[in-house]
Each structure stands twice: as C-alpha cells, then as structure tokens.
Amino acid sequence: MKEKGFNPQEIIFSCTTACNLHCEHCFVNRTPLKLDIDQAVSFLQSCAQGGNIDRVGFTGGEPFLYMDFLLALTKETVAQDLLFDQIMTNGDWWKDQTDLKNTLQSLYDAGYDGKIGLSWDEYHGQSEERMNTFIKTVQDVFGEGSINIQVVSTSGVPEPNGVPEPVEGPPGVQIHTLPRTYPSKDPRAWESKRWFKEDYCQGPGNILYVHADGNIAPCCGFANENPALFIGKITDSYETILKNAGQNKMIQLCFYCGLSSYRRHELKKQLKEQGKKLPGKTSDICSLCDFVCKLN
C-alpha cells in the first residue's frame, strides 16, 4: 500500500521571483517579490526546533540574484544543524568568471555543502560555453559531484519507467530528464491515454514550500501557486502551519484520500451536477490538483 499522510521534512525557500530569463514553461509569478531575511530565519528556527524538518533547499525565480538571502539562510541552516538539499538555478546570472567564482566561493565559505541543480534545456536558451564554465566553476569550488542537470523534455511525456532518455553531459554530472507539465487550463494537460499513478503526493509533497510572498504550500508541484493549497505564512510558527494543514481540504484530498479516489467518486458527481466534465485524462497529478483547486 502506498504511504499516506502529510509529514513535512524539508523547507524550500523560493526566495525571490526575480529572474534574468523568461522561459515559456515557467509557472512562477513574475511580480517582483523577495522574502524578508529576518522572517525567514525566524521561521527556519521554529521549524528546526519544533518539527521533523531536516533539510533546506532554495529556488526562485533565480535565487543567486538574492545572495544576501542565500548567505544568511545558509549560515542559519548550519547553525541549526540541518542538511542542505539543493539550490535550483539557471546558471546564467553571472557577469564574468570572477563574479561567478567569487559568488560561489562566498556561498561555500558560508557553509553550503548541498547540491547545485542546474536547469539547462532549450527552454532556457543558455549558451553551451557559459553553462560549461558554470559547471566547471561549481565543481572547482564545491567538488566534482556537487552539480546535477535537470532537463525538461520538449515532448512533455515522462520517460518510460522513470528512466531518463540518454543525454550526454560533462563528466561526473548527473542528468535528470523531466516531463514538461501544463496547468489545467492548457488543453495539452489532458492529452494522456491513461491517468497518473496515485502516490498521495508523496513525490512532490511533504515539503514546506515558502513562496516569495510569504505564503506556504505543502508541495513543490506547480499547483502550489493556488491559494487553496496555502497552509500559512512565513510569520506563522511550525505548530500553526501543521494545525492549518490538518484543516485544509486539499491536503486531506491529496495526502490522505488520494486524488484518484476523489476523481472517481466525489469529483465525477460534483461535475455532473454542474453540467461539466473533465477535459480528458492527465498523467500529471499536479494538473488534476490544479483543476480541483480552481474548481473549489
């Protein structure tokens, strides 16, 4: 039986919505926002002292455009004796090699020893020369195994059995190929021949995802932009966040009931009463979650 339940173990700080690129597949709200450092430090302390949180990660926007935040929260993560997951970056934010080396070195000196996740594919439009320079500099500062590449498949189709298609990359760099995802309003979200496999959101979930506006969601899937999934603010305590989560309808559906069961029973009946129906089938659990969030 698949594991169930909402038991967050990681905080992901989406520290800013600022970004130097404009990618067509990106879901991030481009309103210029950034998290307050003092509030983020206090929230991290509350989670470290009162819960099951053991890892911290960073994303954006482009997190390297907000280095004050990365450095402050890196130091606090070390002070709280927590582990690092990864920093997701497009790797194209630096002015020159000196700027790149100095920025990465300052992060290393602050105590960061997690992974650097590089989003590099045709959607981002980076030059191969700059990306190879970025990769080599990361390896020089953090070590050979410190970076991985995440490629979004242009087909939008998951690789068979979850195995990425072969992509040739620099030596010592893992490459993960991910399917492109689509919001529920996009017809391409509903072109699958079969429904997703239920996992009670254990894949993208069990995370406290802190948006750049301070709202907190329970997962890192793109549907987490919906207010229906918000379980508090960065100014709330860990205990308050968990209490809110226990009263949140979407968390009950996603993490306990299962969206597959909900779709077959309650959702089907609800849509019929409204004279509506699902647009098709989706292999992406986040697309259905997005649909349900907007419906309710």
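A residue counts as buried under 20% relative accessible area, as exposed over 50%, and as partly exposed in between (1.4 Å probe, protein chains only). The exercises below use a predicted model, in which local features need pLDDT of at least 70, side-chain atom pairs count only at pLDDT 80 or more, and totals for chains, interfaces and linings use all residues. Residues are numbered from 1 along each chain as its sequence is written, and side-chain values use heavy atoms, with hydrogens and water left out.

**Exercise 1.** Classify Tyr112 and Phe84 as buried or exposed.

Solution. Step 1: Tyr112 has a relative accessible area of 1%, so Tyr112 is buried. Step 2: Phe84 has a relative accessible area of 10%, so Phe84 is buried as well. Step 3: for the chain as a whole, 52% of the 296 residues count as buried.

**Exercise 2.** Find the geometry class of the ring pairs Phe6–Phe255 and Phe84–Tyr112.

Solution. Step 1: state the rule. Rings of Phe, Tyr and Trp (its six-membered ring) pair if their centres lie within 6.5 Å; planes under 30 degrees apart count as stacked, over 60 as edge-to-face and the rest as tilted. The count by this rule is 13 aromatic pairs.

Step 2: the centres of Phe6 and Phe255 are 5.1 Å apart with planes at 65°, so this pair is edge-to-face. The pair links distant parts of the chain, 249 residues apart: Phe6 is in the segment before strand 1 (10-14) and Phe255 in helix 6 (residues 249-257). Helices (H or I, at least four residues) and strands (E, at least two) are DSSP runs, numbered from the N terminus. Both Phe6 and Phe255 are buried.

Step 3: for Phe84 and Tyr112 the centres are 4.7 Å apart and the planes at 55°, so the pair is tilted. Here 28 residues separate the partners, with Phe84 in strand 3 (residues 83-89) and Tyr112 in the loop between helix 3 (97-109) and strand 4 (115-119).

Step 4: ring pairs also join Phe13, Phe58, Tyr66 and Phe69 into a cluster.

**Exercise 3.** Compare the radius of gyration of the protein chain with that of a compact globule.

Solution. Step 1: the radius is taken over C-alpha atoms, and the globule rule is 2.2 Å times the number of residues to the power 0.38. Step 2: for 296 residues a compact globule would have a radius near 19 Å, and the chain has 19 Å, which agrees. Step 3: the C-alpha trace spans about 60 × 45 × 40 Å along its principal axes.
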